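Please work through the following exercises with the sequence and the coordinates side by side.

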Amino acid sequence: MSKAPRQDPAQDAPDVRGPKHRAAGLPAVVGSVRFVGSQAGIRRGLPLLRDINQTDGFDCPGCAWPEPGHRHPAEFCENGAKAVAEEATRRTVGPEFFAAHPVADLADRSGYWLGQQGRLTRPMHLAEGADHYTPIGWDEAFDLIAAELDALDHPDEAAFYTSGRTSNEAAFLYQLFARKLGTNNLPDCSNMCHESSGSALSETIGVGKGSVTLDDLYRADLIIVAGQNPGTNHPRMLTALEKAKRAGARIATLNPLPEAGMRRFKNPQTARGLTLGTELTDLFLQIKVGGDLALFSALNRMLLRSDAPGAIDRDFIAAHTHGFEAFAAHHAAGDDEDALADAVRRTGLTAEEIRRLLEEVLAADRIVVCWAMGLTQHRHAVPTIREIVAFLLLRGNIGRPGAGVCPVRGHSNVQGDRTMGIWERMPDRFLDALGTEFDFAPPRDHGHDTVETIRAMRDGRVKVFAAMGGNFVAATPDTEATENAMRRCRLTVHVSTKLNRSHVVTGARALILPALGRTDIDATGGREQFVTVEDSMGIVHASRGTVPPLSPDMRSEVAIVTGLARTVFGPDDAVPWDDLAADYDRIRDRIERVVPGFADYNARARVPGGFTLPHAPRDTRAFPTSTGKANFTVNPVTSPEAGPGRLLLQTLRSHDQFNTTIYGLDDRYRGISDGRRVVLVNPEDARELGLADGAYCDLVSEWSDGDRRAPHFKIVHYPTARGCAAAYFPETNVLVPLDSVAETSNTPTSKSIVVRFEPDSAPAVR
Ligand SMILES: Nc1nc2c(c(=O)[nH]1)N[C@H]1C(S)=C(S)[C@@H](COP(=O)(O)OP(=O)(O)OC[C@H]3O[C@@H](n4cnc5c(=O)[nH]c(N)nc54)[C@H](O)[C@@H]3O)O[C@H]1N2
Ligand SMILES: Nc1nc2c(c(=O)[nH]1)N[C@H]1C(S)=C(S)[C@@H](COP(=O)(O)OP(=O)(O)OC[C@H]3O[C@@H](n4cnc5c(=O)[nH]c(N)nc54)[C@H](O)[C@@H]3O)O[C@H]1N2
Ligand SMILES: [Mo]
C-alpha cells in the first residue's frame, strides 16, 4: 500500500518482462483469492465470491457481460473478484481520517493511494475556505444542496453526472429529480464510452443497443472481435468465445496489440482449462490504431464486387433496408486497386491479410461483430460503426440467430441507466410518459453531455456539480482544464463508495455522501430491498447485497436521491419520495408505466435470471429508424495521421485497474509490474525515433490550442502495430484535448492522440 503514495510521476518505476500469450488459468485463481483476502478478509470476503452473479446474490460490479442460463458455481473472473473485494474491503475512511489529512495533502496523493484507504462511512463537508472535510448530518447536507440549487439563476446551472454502477431504481429517481428541478443536464460515463455505438446504431438499426444474446454467440460461424481486450476487461466473455469455438465458430481479432486473452485462454472454471487452454483467435489482424473504418470499407467494397454465390443477401436488402443504392454507388466509385492500396496504408495490414478476412466472411453464414473502446473513442468512431453495420446488413446478419451487433458495455449497469432516462437527450416519447406519470412538464431543451459540462463549468455556466458515483475529474479528458473547471463551481457533491480524486479537487464547498454498493445489504425502509440492473445483452435481473454495511451512516443511492428530493421539493410534493424509498417495488411500478418493455416488472424481476427487454431488430427484423428500415450509410474513408516523428497514442486499461480505481501496479498479461507510467512502442518505430528500451521520456500531445505534457514514462519496446503507441489512463488523460472528440457522439478521442517524445522532465530521484 505504501507504493506510489504520491502524485509525483518520478516515484513510478515499472519493471518490464514482455507480453504473455495466455490468459486466466491458475494465476488468475490465486490472484483473486489473495486479493479478496487482503481487502475484505477471508471471513467476509470468501462467502461473497460464492454470491457473485448467482440468481440469489448480487450482480458483479466488474463489467456488463451477461450471465449464462446455467450458471457455474464460480460465475466470476479474477477481475470481478477484485472489483468485489475493493467494495467489500474492511478498511474505512471516517472522520478521523479526514481530520488527519488536510485536503491539500489528499490532493497530493496518487489515485491508487486514495482508493486503497477504504470505504467512506459518514457524510463529509468541506466548508468554503476550510482545509479539512468535517462530518455533517444527512439532513444538513441535503439542506445545503437545496440552498445552493435554490440560489441558481436557472436549473441549467446544475449538472447531474452518473457513472454506470447505479441501479435502475436509483437512476430512474435521479433523472426524475433533475428533470423536476428543470434541467436535462444528465451527463454520464457513457458519453466517454459507448456513446459512439449508441449514435451509430440508433441511426442505422433504430435501437442503440446490441442485437445479440449469448445464444447467438454460440451459434455464430464467425465472430469478429474488434478493439476489445476481454482477457482483462470482460474475462467471462472468453468462456463464451470458448463455447462458441467448440460449437464450430471461427474467431477473427482486430487489434493493434496482441492481447493475451484472445490468444490462448485457460478457463479457470474447468480442469482442462487450467492445464491446456484453448487457442481462441483463428485470424489475428494487427491493425493500426484508427484503421477499422478503412478495413470494413475495403471488405464491403470487395463483398459488393464478389461473384461468390450469395456474397450479399439481396432479398434481405430489398425487404429490410434503405439507402443501398447510394452505399453501392459510393463503393463503386474510383479504382479498386487504389482503394485496396489505400486500405493497406491506413490499416497497416497486407492485401493478403484483408483477403483472408474476406474469405472467412464469405465462408460464414452467421456473423457477429463485437467491439468496445478500440472503436468508440476515435474522431471517426461513429462512421466506423455505421460501416460495420453496413457490413452486417450486406449479408443479412442482423435479426437472425447467430448474427448481429455486439457492442460490449463497460460498467455493470451503464446500459440500464440509459434505459432509465440517464441521458441529456432523451426522446420526447420518454419525456411525455415521465411528465404524465408524475404530473409535471419535463424540460425539452437538450442538456449538457460530459464534455459540454466541463466547458460549462469552465465558463461559469454550471455552478453546482453532483455525481452519482464515478470519478469525474480523473475519468474525463484534459485533466488540468477539467480540474480548473471543477474548482470554479460553487458546490460539488459526490455520492460515492470510495475516496477518489474528485473528492479533493472541489468547488468552493464540497460534500461526500457515502453510498451502499452492490455487495452491501440494503435495508432501506426497515426491510431488505433488492435492485435491478440490465446487462450488455438487454437482460434485466435482480441484485441483492449480502454483506452487512460497515456503518449505519451509509445510505442506499435510492435513499440519498429521495432524501434530497424531499428536501428540495418539500413534503407535499406530487412525487411521494419517501413512499418510493420505503419499498422499491413502488419505484418499479412507476418505471413500468414510463419505460417500454417493463410490463409486470416486479414479478419478472423476481424470476431467477430475470427477463429480456424487447429489441425490435433482433426480435422481428423491424427497424424503428427515421425511414422505418435498416439504413445503409455512406462513410468516406478516413483515419488519424500522426505525421513525421509522431506516434498515435491509445490510452487503455491495465489488468490491475477498474477505470480510475487502481487495484495494483501490475499488468500481468503485458509483463509490466510495479508501476504504471509505461509507453508501449513498436521496436522499429522506437529505433527510428531514437527511443531506447527502458529509457524515460515525456509524452507531449499536439493540438490546435497548444501542447500538453505527461512527464516521465518508461519506454517499453512492445509488439504493437507500427506507428502506434499505448499507455494507461487516467495518467494520460492530461494529454487528451477537451475539444478532440468524436463526430456526432462527442466522445473524447482517448484512443488516438498524436504524441511526440521529449526528454524526461521529471527524472527519478534515486
Ligand atoms: N478489469 C476491468 N474491467 C473493465 C474495466 C476496467 O477498467 N477494468 N472497464 C470497464 C469499462 S467502463 C469498459 S468501457 C470496458 C472497456 O473494455 P476495452 O475496450 O477492452 O478496454 P481498453 O483497455 O480501453 O481496451 C481497448 C482495446 O482496443 C484496442 N484498440 C485500441 N485502438 C484500437 C483501434 O483503433 N482499432 C482496434 N481494432 N483496436 C484498438 C486496444 O489495443 C485494446 O485491446 O471494460 C469494462 N470492464
Ligand atoms: N483516456 C481515457 N479516458 C477514459 C477512458 C479511456 O479508455 N481512456 N475510458 C472512459 C470510460 S469507457 C468510462 S466508462 C469512464 C469511467 O468513468 P467513471 O465511471 O466516472 O469512473 P470510475 O473510475 O469507474 O469511478 C470510480 C468511482 O466510482 C465510485 N463508485 C464505485 N461503485 C459505486 C457505487 O456502487 N455507487 C456509487 N455511488 N459510487 C460508486 C467510487 O467512489 C469510485 O472511486 O472513463 C472514461 N475515461
Ligand atoms: Mo466504459
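**Exercise 1. Which polar backbone atom lies 2.7 Å from an oxygen atom of ligand 1, and what share of the ligand's area does the protein bury?**

Solution. The model is a predicted one, and in it a polar backbone atom of Asn-659 is found 2.7 Å from an oxygen atom of ligand 1. Ligand 1 taken alone exposes 920 Å², of which the protein buries 99%.

**Exercise 2. Describe the shell around ligand 1 by its nearest residues, its classes and the elements that supply it.**

Solution. Begin with the nearest residues: of the 32 residues around ligand 1, those that come nearest are Asn-255, Glu-259, Gly-290, Gln-657 and Asn-659. Next, sort the shell by class, which gives 17 polar, eleven nonpolar and four charged residues. Finally, turn to the secondary structure, where α10 (230–233), α19 (373–376), β23 (647–652) and β24 (657–658) each contribute at least two residues to the shell of ligand 1.

**Exercise 3. Is Asn-229 buried or exposed, and where in the chain does Asn-229 lie?**

Solution. First locate the residue: Asn-229 sits in the loop between β8 (222–226) and α10. Then apply the cut-off, under which a residue is buried below 20% relative accessible area; because the relative accessibility of Asn-229 is 10%, Asn-229 counts as buried.

**Exercise 4. Which residues come nearest to ligand 2, and which polar contacts does ligand 2 make with Tyr-161, Ser-163 and Gly-470?**

Solution. Of the 31 residues around ligand 2, Tyr-161, Ala-475, Glu-557, Thr-660 and Asn-733 come nearest. An N or O atom in the side chain of Tyr-161 is 2.7 Å from an oxygen atom of ligand 2, and a polar side-chain atom of Ser-163 lies 2.7 Å from an oxygen atom of the ligand. For Gly-470, a backbone N or O atom lies 3.0 Å from an oxygen atom of ligand 2. On its own ligand 2 has 930 Å² of accessible area, and the protein covers 96% of it. By class, the shell around ligand 2 holds 16 polar, ten nonpolar and five charged residues.

**Exercise 5. Is Tyr-174 buried or exposed, and which residues does Tyr-174 touch?**

Solution. Tyr-174 belongs to helix α7 (residues 168–181). Its relative accessible area is 5%, so Tyr-174 is buried. Among the residues that Tyr-174 touches, not counting those up to four places away in sequence, are Phe-160, Tyr-161, Ile-422, Met-468 and Val-561. With Gly-435, Tyr-174 is 261 residues apart in sequence and 15 Å apart in space, taken from C-alpha to C-alpha.

**Exercise 6. Which strands pair with β18, and in which sense?**

Solution. Strand β17 (residues 491–496) runs parallel to β18, joined to it by six bridges, and Leu-491 stands opposite Arg-509 in β18. Strand β5 (residues 124–126) pairs with β18 in the antiparallel sense over three bridges, with Leu-511 in β18 as the bridge partner of His-125. Strand β18 (residues 509–514) is itself mostly covered, as five of its six residues are buried.

Technical notes:
Residues numbered from 1 in each chain as written. Chains lettered and ligands numbered in written order. Predicted model: local features only at pLDDT ≥ 70, side-chain atom pairs only at ≥ 80, totals over all residues. Heavy atoms only, no water. Near = heavy atom within 4 Å. Polar contact = N/O pair within 3.5 Å; in protein donor to acceptor, adjacent residues only side chain to side chain. Areas by Shrake-Rupley, 256 points an atom, 1.4 Å probe, with all protein chains shown as cover. Helix = DSSP H or I, 4+ residues; strand = E, 2+ residues; numbered from the N terminus. Nonpolar A, V, L, I, M, F, W, Y, C, P; charged D, E, K, R; others polar. Buried < 20%, exposed > 50% of the residue type's maximum accessible area, 1.4 Å probe, protein only. Contact = heavy atoms within 4.5 Å. Pairing = 2+ DSSP bridges.
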